[in-house]
Structures are given as C-alpha cells and as structure tokens.
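Please keep the sequence and the structure in view while reading.

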Amino acid sequence: MKSVENVPRWRLMEASDLASVSAVAAEVHPDFPEDDAVFFNRFSLHWQGAYVFENGSTTLGYAITHPWKSFDIPPLNTVLGALPDWPDNYYIHDIALVNAARGSGAASEIVQTVIDHARQLGCQTISLVAVNGSSIFWHRHGFETVDRPQLVEKLATYSDDACFMLRQLR
C-alpha cells in the first residue's frame, strides 16, 4: 500500500515553496527565465491561485494564476504593482511540470481546479500565452487562439510560436 506522502498531489503554494518553484521553472522553461521576485510577486498578490504539484517533499510542478484584465498580457519577467480592482478575466501565468510528471494527468487536473477558481471569482474568461507548442493541449481544454493587434508586440517577447488563448467561462 502506498503511503499518502508518496502520492503526487496538487496543493496551495506556501512561501517556503518559492525556491523549489524557481528551480522547476529554470528546468522546464530555460528559454523564458523569470526572476524569483516575479514568483514571489504573483504569490503575494493572489496566493489562492498558486499551487505546487509534489510527491512527498519533491516539487514536480507548479501553477501560478491570478485575476486580470481581458485581452491583456502581463509582461514576461515583470513584477506587477497590483491586480486590477475589477478583473473580468483570470490569467494563467504558468503551469509547469518536470518531465517525470508529464503524462500523469496532473496538468489537466490543475487546469480544472483553476477554471473552477476563476468561476468562483466571477471571471467571464480565462486566458494565457501558449508557448512551446502547448496550444494543442489548451485547445483540448476549450481554449481558442485569439489574434489581437495590440498583443503582437508582447507575444513577440515570449517566442515565435507564442499565441494568446482564451476560454469563455459563462
């Protein structure tokens, strides 16, 4: 019988997890480096949308999400001053899993958790920037690619294949 400590699970992030989250980010997204201050900032602004995927004491992934504005992208590797007073959108900053956790269903599980959270907050939409060919995954979860001229410049700071994706929640 497996002990509960050896069953991978998602849980809310704690401040003490930030170093391991940063390590996972460096491993999973070497082409999209972000300062530790960015992870701390998102966690501080909306800890209710920050999660870690762990197996015992080993961090296998994380998700960082927060309320935001429709059709807007927070700049990569930038500390936000505050969340909007009246957000109508919920933004997935990042969901990252180390190779050992991929294919486990963990990504789909946390996507549903995040969607449920966004609905509880009353957000009308949920959005993200898909990179590294991940748009196929997001399409399976009801997200559609949205082309907006005002997003082209920000998307270019991510990668050539970056695309803005949106899902209606109502």
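Which residues on the other side of H1 are exposed? They are Ala19, Ala26 and Glu27. The model is a predicted one, in which local features need pLDDT of at least 70 and side-chain atom pairs count only at pLDDT 80 or more, while totals for chains, interfaces and linings use all residues. Residues are numbered from 1 along each chain as its sequence is written, and side-chain values use heavy atoms, with hydrogens and water left out.

**Helix H1**

- Helices (H or I, at least four residues) and strands (E, at least two) are DSSP runs, numbered from the N terminus.
- Buried means under 20% relative accessible area, exposed means over 50%, and partly exposed lies in between (1.4 Å probe, protein chains only).
- In helix H1, which spans residues 18-28, the buried residues are Leu18, Val21, Ser22, Val24, Ala25 and Val28.
- These residues cover an arc of only 160° around the axis, so they lie on the same side of H1; the arc is that of the directions from the helix axis to the C-beta atoms.
- The buried residues of H1 pack against H2, E2, strand E3 (58-68) and strand E4 (89-97).

**Salt bridges**

- A salt bridge is a side-chain nitrogen of Lys or Arg within 4 Å of a carboxyl oxygen of Asp or Glu, and the structure holds 5 of them.
- One of these joins glutamate 54 to arginine 9, with the closest N and O atoms 3.1 Å apart.
- Because glutamate 54 lies in strand E2 and arginine 9 in strand E1 (residues 9-12), this pair ties together parts that are 45 residues apart in sequence.
- Glutamate 54 has 8% relative accessibility and therefore counts as buried, whereas arginine 9, at 39%, counts as partly exposed.
- Arginine 11 forms a salt bridge with aspartate 17, and their closest N and O atoms are 2.8 Å apart.
- Arginine 11 counts as buried because its relative accessibility is 16%, and aspartate 17 counts as buried at 7%.
- Arginine 11 also forms a salt bridge with glutamate 54, at 2.9 Å between the closest N and O atoms.
- That pair links distant parts of the chain, with arginine 11 in strand E1 and glutamate 54 in strand E2, 43 residues apart.
- Through shared partners, salt bridges join Arg9, Arg11, Asp17 and Glu54 into one network.

**Histidine 46**

- Histidine 46 is found in the loop between helix H2 (36-45) and strand E2 (50-55).
- This histidine 46 counts as buried because its relative accessibility is 6%.
- Leaving aside neighbours within four places in sequence, histidine 46 is in contact (heavy atoms within 4.5 Å) with Thr65, His66, Pro67, Leu83, Tyr90, His117 and Leu121.
- The side chain of histidine 46 makes a polar contact with the side chain of histidine 117 at 2.9 Å.
- A polar contact is a pair of N or O atoms within 3.5 Å; within protein, one must be able to donate a hydrogen and the other to accept it, and residues adjacent in sequence count only if both atoms are side-chain atoms.

**Strand E7**

- Since 5 of the 6 residues of strand E7 (residues 163-168) are buried, E7 is largely enclosed by the rest of the structure.
- Strand E5 (residues 125-130) pairs with E7 in the antiparallel sense over 6 bridges; two strands pair if DSSP finds at least two bridges between them.
- Serine 127 stands opposite leucine 166 in E7.
- Strand E6 (residues 144-145) and E7 run antiparallel and are joined by 2 bridges.
- Leucine 166 in E7 is the bridge partner of glutamate 144.
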